[in-house]
Amino acid sequence: MASTQQAVSSGSDADQRYAKFDERKRKRMESNRESARRSRMRKQQRLGELMSETTQLQNQNSICRERIDSVERNYCAIDAENNVLRAQIAELTERLNSLNSLTQFWADATGFPVDLPEIPDTLLEPWQLPCPIQPIDASSDMLLF
């Protein structure tokens with residue numbers, strides 16, 4: 001009888017070991033499931049953050065494009081205005097030269113001395129004027145739209 005009890009008890013020990021092994025396996029599987037669930041939650045949260053950041057960056061990009069377009073339009077308008085002013089300078093210089101020629105012709109014909117100054121080239125190139133150039137005050141706020 002002792003041997004049957006020993007066989008039963010050894011069977012019982014094996015069952016207990018398997019039960020402990022099955023319990024550990026079940027706990028590990030449960031822990032893995034929970035870990036995978038948390039990982040999916042973090043991944044979903046990160047995806048949401050990235051989607052939000054993408055939307056924000058697209059909005060900022062759109063605003064920057066609008067600003068660039070506005071500056072480009074302003075540049076084109078100013079460039080066109082500068083071209084008109086350059087044409088006006090050329091026309092007025094030509095008129096002044098014509099008037100100076102007529103005045104000189106009249107002075108030569110009548111004998112009256114007339115002092116006609118030469119038209120300086122700086123009228124055609126105002127950036128080369130001999131006068132002191134005033135500094136341009138600028139700040140970073142000027143670039144804000």
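Let's start with Arg26, which forms a salt bridge with Glu23, the closest N and O atoms being 2.5 Å apart. By salt bridge I mean a side-chain nitrogen of Lys or Arg within 4 Å of a carboxyl oxygen of Asp or Glu. In general, side chains of opposite charge can pair when their charged atoms come close.

Before going on, a word on what we are looking at. This is a predicted model, where local features need pLDDT of at least 70 and side-chain atom pairs count only at pLDDT 80 or more, while totals for chains, interfaces and linings use all residues. Residues are numbered from 1 along each chain as its sequence is written, and side-chain values use heavy atoms, with hydrogens and water left out.

Back to our pair. Arg26 and Glu23 both sit in helix α1, 3 residues apart, about one turn of the helix. Helices here are DSSP runs of H or I with at least four residues, strands are runs of E with at least two, and both are numbered from the N terminus.

Which other residue does Arg26 form a salt bridge with? That partner is Glu30, and here the closest N and O atoms are 3.1 Å apart. Arg26 and Glu30 are both in helix α1 as well, 4 residues apart, again about one turn of the helix.

Now, are these side chains buried or exposed? Buried means under 20% relative accessible area, exposed means over 50%, and partly exposed is in between, using a 1.4 Å probe and protein chains only. Arg26 counts as partly exposed because its relative accessibility is 40%. Glu23 is partly exposed too, at 32%, and so is Glu30, at 46%.

Glu34 is partly exposed with a relative accessible area of 31%, and Arg37 is partly exposed with 37%. Both lie in helix α1, 3 residues apart, about one turn of the helix. As for Glu23, Arg26 and Glu30, salt bridges that share partners join them into one network.

Let's step back to the whole chain. There are 1 helix and 0 strands. Of the 145 residues, 3% count as buried. The accessible surface comes to about 13,500 Å², and 57% of that belongs to carbon and sulfur atoms; these areas come from the Shrake-Rupley method with a 1.4 Å probe, and for residues only the protein chains shown count as cover.

Where is Thr93 placed? Thr93 is in helix α1, which covers residues 2-110. Thr93 counts as buried because its relative accessibility is 11%. A polar atom of the Thr93 side chain lies 2.7 Å from the backbone oxygen of Ile89.

Next, the rings. The structure holds 1 aromatic pair. Trp106 and Phe112 form that pair, and the pair is stacked, at 5.7 Å centre to centre with 25 degrees between the planes. The rule is that rings of Phe, Tyr and Trp (its six-membered ring) pair if their centres lie within 6.5 Å, and planes under 30 degrees apart count as stacked, over 60 as edge-to-face and the rest as tilted. Trp106 counts as partly exposed, at 46% relative accessibility.

Finally, the cysteines. How many disulfides does the structure hold? There are 0 disulfides, a disulfide being a pair of cysteine sulfur atoms within 2.5 Å. Cys64 counts as partly exposed at 41% relative accessibility, and Cys76 as partly exposed at 48%.

Conventions
Polar contact = N/O pair within 3.5 Å; in protein donor to acceptor, adjacent residues only side chain to side chain.
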